[in-house]
Amino acid sequence: MSVNIVIPKGIASLEELNITNKVLKPFSSILIDFVNDVSKAILKNSSLKEYPELMALAFWMRKSHIKVLHAYFKKQESGKVLLGRGVVFHLAPSNVDTIFVYSWFISLLVGNSNVLRISDKKNIQTDILLNVIGTVLDNKKYKALQGMVTIIKYGHDDNVTKRLSALADVRVIWGGDNTVNHIRSIPIKSTATELTFADKFSFAVIKSKTLLEDQSLDKLIEKFYNDSYWFGQMACSSIRLIAWIGTHEENEEAQDVFWNKLDAYVLKKLPDEIAPADIVNKLVAECSMAIESNVVINKMDNPYINRVSISTIETVKEGLHCGTGLFYETEVNNFDELMPLMTKKHQTIAYYGYCEEEMIKSIQESMPIGIDRIVPIGQSLDFSNVWDGFDLFRNFCREIEILKG
Amino acid sequence: MNLDEYLQISPYSLEKKNKHAFLVKELNGLTKKHTEKSTKYKHILKAYNIENNNFDTLEDLPYLPVRLFKEYELKSCENSEVIKTLTSSGTTSQKVSKIYLDKETSTLQTKALVKIMQSYLGKQRLPMLIIDTKSILKDRKMFSARGAGILGLSTFGRKHTYALDDNMEIDFDTIENFLEEHQGKKIFIFGFTFMIWQYFYEKLKEKKKKLDLSNAILIHSGGWKKLVEKAVDNITFKTSLKEQIGINEIHDFYGMVEQVGSIFVECDCGYLHAPIFADIIIRDTMTLEPLAFGTEGLVEVLSILPRSYPGHVLLTEDLGTVFGEDDCLCGKKGKYFKIKGRLPKAELRGCSDTHAFDMKKETT
C-alpha cells in the first residue's frame with residue numbers, strides 16, 4: 001500500500017494514524033477561526049492568485065460568509081439538536097477541483113472528524129493548497145483539531161479505500177459514474193451513510209428577446225464565459241449547452257449577437273489551458289455527434305469555440321462532450337417545454353431573461369424528474385451547501401429528536 | 001491518366017502540379033463515393049454542410065480525425081464485400097481501430113506497397129531476415145498490427161528467417177546459417193523499430209557480438225515513442241546499428257493501419273517521402289489551418305487507396321514538419337518530412353473520475 005499522508009505531518013503509515021470519531025460543537029469558535037485562517041492564508045498567497053476558483057473558495061470561507069452559513073444552520077436546529085455524525089471520509093476527484101474542499105469545510109464546521117482522499121497525481125494547485133492548510137494547522141491554537149483533519153494522497157488502491165471506509169460514518173464520493181459504482185462496492189459500516197456526486201450535465205437557457213434588448217450585454221458575456229470556461233468546461237455545473245428560447249427569428253438574431261460578442265471576448269481572454277489535444281478532442285466530439293444524431297456544426301474561426309446545433313436536448317450524449325469550449329445549442333418556444341425532457345443527469349440550469357418566481361412556478365407545475373439547481377448565468381459554479389439536491393449541513397449531521405415530556 | 005496507369009509509374013516521379021491534379025480529382029471522387037456508401041460519413045459531411053461540395057485543393061478536402069475509427073465502424077462497402085479487417089495495435093484497455101477492406105482496396109494497397117518497396121529493394125525478392133519471433137504469427141491474441149506488418153512485408157522477401165526465438169532471445173545459430181547460405185548476396189531485414197533496438201541491438205551489444213550485415217538493407221517502422229524515452233533518435237539508431245552489424249542502408253517508414261499501402265519511407269537524406277499515392281499536410285495545432293513548409297504542426301495524411309472505408313483524408317494525432325516538395329537532395333519527388341511524435345494528451349478535468357478506470361491508456 002503506497003500512501004502519502006499529507007496531514008497530519010510526520011506520519012508514514014495508516015497504522016500510525018489516530019483518527020478520532022469524537023465531534024466538536026457545530027460552529028464552535030475554533031472551527032470558524034480555522035476555516036477563516038485558511039481563507040486568509042489562501043488570499044495572501046500570491047502563487048494562488050492565478051486560480052480564480054481558489055479565490056472564490058477563499059471568499060466563500062471568510063468569516064462574514066461563515067456567519068451567513070451559521071445563521072442558516074441555526075434555523076434548521078430549532079426544536080432539536082444537530083451534531084456531527086463522527087468520521088466523514090471524502091474521496092476527491094483525481095483532477096482536483098476545489099469542490100471537495102467545500103464539502104470538507106462544511107463537514108468540519110458542523111464538528112465532524114474528516115479524512116480526505118486525494119489522487120496521487122501531481123497537481124501544483126492542490127499541492128500549494130495542502131501546504132497552506134498544513135501551515136495553518138501547525139498553529140498551537142488548533143491543537144484541539146488533532147485527529148480531526150487527515151489528508152491522504154494515494155492512487156487506485158482499494159485496500160486503502162477499504163480501511164478508510166471502515167472508519168467512516170459518512171462516505172462522500174465525488175467522481176464519474178464508474179468511480180461511484182466501483183467505490184460503492186467497497187463496504188461501509190452498517191450505520192454509515194453515503195453521499196455520491198456523480199457525472200451531471202448543466203446548461204443555460206437564454207430568452208432571445210431579452211438578449212436583443214439588453215444594453216449591457218458585456219456583463220452577460222463575461223458571466224457566461226466564467227460559467228463555461230472555468231474548469232475546462234468539465235465541472236458538473238459548467239454550461240455545456242444553450243437552449244435558446246423564443247421564435248426562430250429571434251433566436252437566430254440573438255445567436256448572431258451572442259456568438260460575435262463571445263468570440264471577441266474569448267480571443268481577448270485566450271484560455272491558455274485549452275491545448276492542441278483539446279482541439280482534436282472537439283473535432284472527434286463533433287464528428288461523433290454528427291454520426292449519432294442529426295446535428296449542424298457551425299464553424300467559428302476561433303479554436304476556443306465549437307458550436308453544434310442539435311434538434312432537442314434529448315439527443316445530447318453527455319459522454320461525448322469533452323469540454324474546453326464545445327457548445328450544444330437547441331431552440332425551444334418556451335421554458336416549460338424543456339421540463340419534461342429533464343433526467344436525473346441534469347444538474348444546473350443557468351438562466352437569463354427570467355426571474356426567480358417564474359422558475360419556481362414552472363418547476364412546481366412541471367415537477368421534472370431531474371434538475372438540482374436553477375441559478376442566474378454567472379453563478380453556475382458558485383458552491384452552495386445544497387448540492388445535487390442534498391443539503392450538506394443536514395447530511396453531515398445527526399438529528400437528535402427530543403420530545404416534550 | 002486513369003488509376004491503373006497511375007499505379008504503373010514510378011512512385012516518386014511526379015512533380016507537384018501533376019501529382020496534385022491527379023490526387024484532387026481522385027480524392028474528390030472518393031469523397032463522393034464514401035458519401036454515397038457510408039451513412040456515417042455522409043452524416044458528418046452533412047453536419048458541416050459540405051455534403052455535395054467539390055474541393056479545389058488538397059488542403060480543402062474534409063478530413064476525419066483518425067481516432068474516429070476507434071470509436072465507430074466506418075465502412076463504405078457491403079458487409080459481404082469485406083475480405084479482411086485490420087486492427088491497430090493496442091493494449092487490452094485501449095480501443096483499437098477497425099479497418100474494413102474489400103478486394104479492390106486490398107489489391108490497391110498491395111500494388112502501391114509493391115511499387116514503393118521495389119524502389120528500395122529492387123524487383124528481385126531478397127533473402128529476408130525478420131527481427132521478431134515466429135510465434136507472433138501463431139498467437140492469435142498477439143496477432144495485431146505487428147503480425148500483419150510482418151506478413152505484409154514478407155511478400156518482398158524469400159527464405160524468411162526469424163532472428164528471435166519464442167523467448168525473444170537472439171537465435172544465433174539460425175542467423176549464422178542464414179548468413180552463410182546467402183553470403184555475398186543482398187539481404188532484406190525487416191522489423192519494428194523498438195524490437196530491433198531492445199531485442200536485437202541491445203542484446204548484441206550486451207553479449208559483445210558483432211555481425212556482418214554490411215550488404216543488407218534494413219526497413220523498419222513502428223514509431224519512436226519508446227526509443228525517445230531511452231533518448232535514442234534516428235541518427236543514434238543508425239550509427240549504433242552500423243557499429244554493431246555493419247549495416248549501411250537503413251530506412252524507417254511512417255504508416256498507419258488506417259492507410260495501409262501508401263507508406264512514407266525514409267530516403268537517403270533521412271526524410272520521409274510521400275509517394276504519388278499519398279500526400280501529407282501539416283496543420284496548425286490550434287486553428288487547424290495548413291502551415292507553410294518548415295513549421296511543425298499536426299499531420300494530415302491523404303491516400304487514394306481507401307475505397308471500402310472513408311479513410312482517404314485523415315487528421316492524425318502526430319506532430320511533424322514538411323521541409324519541402326520535389327526538391328529533396330535524394331532526387332525523389334514529392335513532399336519530404338519528419339515526424340516528431342505524438343500530440344501530448346489532454347489533461348483530465350472536471351469532477352469526473354476519482355479513479356479514472358479507463359484512462360490507463362498506452363500506445364505502442
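## Contact between chains A and B

In this predicted model, 40 residues of chain A are in contact with 33 residues of chain B. Two residues are in contact if their C-beta atoms, placed from the backbone, lie within 7 Å. On the side of chain A that touches chain B, β6 (170-174), α7 (177-184), α11 (276-292) and β10 (295-298) each supply at least two residues. α11(A) gives the most, with twelve residues. Helices (H or I, at least four residues) and strands (E, at least two) are DSSP runs, numbered from the N terminus.

By class, this side of chain A has 25 nonpolar, twelve polar and three charged residues. Ala, Val, Leu, Ile, Met, Phe, Trp, Tyr, Cys and Pro count as nonpolar; Asp, Glu, Lys and Arg count as charged; the others, Gly among them, count as polar.

Residues are numbered from 1 along each chain as its sequence is written, and chains are lettered from A and ligands numbered from 1 in the order in which they are written. As the model is predicted, local features need pLDDT of at least 70, side-chain atom pairs count only at pLDDT 80 or more, and totals for chains, interfaces and linings use all residues.

## Domains of chain A

Chain A is divided into domain 1 (3-199 + 388-401) and domain 2 (201-382). Domain bounds come from an automatic or database domain assignment. The domain centres, taken over C-alpha atoms, are separated by 32 Å. Six residues of domain 1 of chain A are in contact with seven residues of domain 2 of chain A. The domain 1 side of this contact has one nonpolar, one polar and four charged residues.

## Domains of chain B

Chain B has domain 1 (3-101 + 255-344) and domain 2 (112-253). Their centres, over C-alpha atoms, are separated by 27 Å. The contact takes 22 residues from domain 1 of chain B and 18 residues from domain 2 of chain B. On the domain 1 side, β2 (84-87), β9 (264-266) and β14 (335-342) of chain B give two or more residues. β9(B) gives the most, with three residues. By class, that side has eleven nonpolar, nine polar and two charged residues.

## The six-stranded sheet of chain A

Six strands of chain A form an open sheet with mixed pairing, in the order β1-β5-β4-β3-β6-β7. Two strands pair if DSSP finds at least two bridges between them. β1 (3-7) and β7 (193-197) of chain A are the edge strands. The twist averages 15° from one strand to the next.

β4 (113-118) and β5 (149-154) of chain A run parallel and are joined by five bridges. Asn114(A) stands opposite Val149(A) in β5(A). Helix α6 (158-167) of chain A packs on the sheet, touching β1, β3 (87-91), β4, β5 and β6 of chain A. The direction of α6(A) makes about 150° with that of β3(A). Axes are lines fitted to C-alpha atoms, for helices over the stretch in contact, and angles run from 0 to 180 degrees between N-to-C directions.

## Backbone details

The peptide bond from Ile7(A) to Pro8(A) is cis, with omega near 0°. Pro8(A) is in the loop between β1 and α1 (29-44) of chain A.

Ile371(A) has a positive phi, near 85°. This residue is in the loop between α12 and β14 of chain A. Ile371(A) counts as buried because 20 other C-beta atoms lie within 10 Å. A residue is buried if 20 or more other C-beta atoms lie within 10 Å of its own, exposed if 12 or fewer, and partly exposed in between, with C-beta atoms placed from the backbone.
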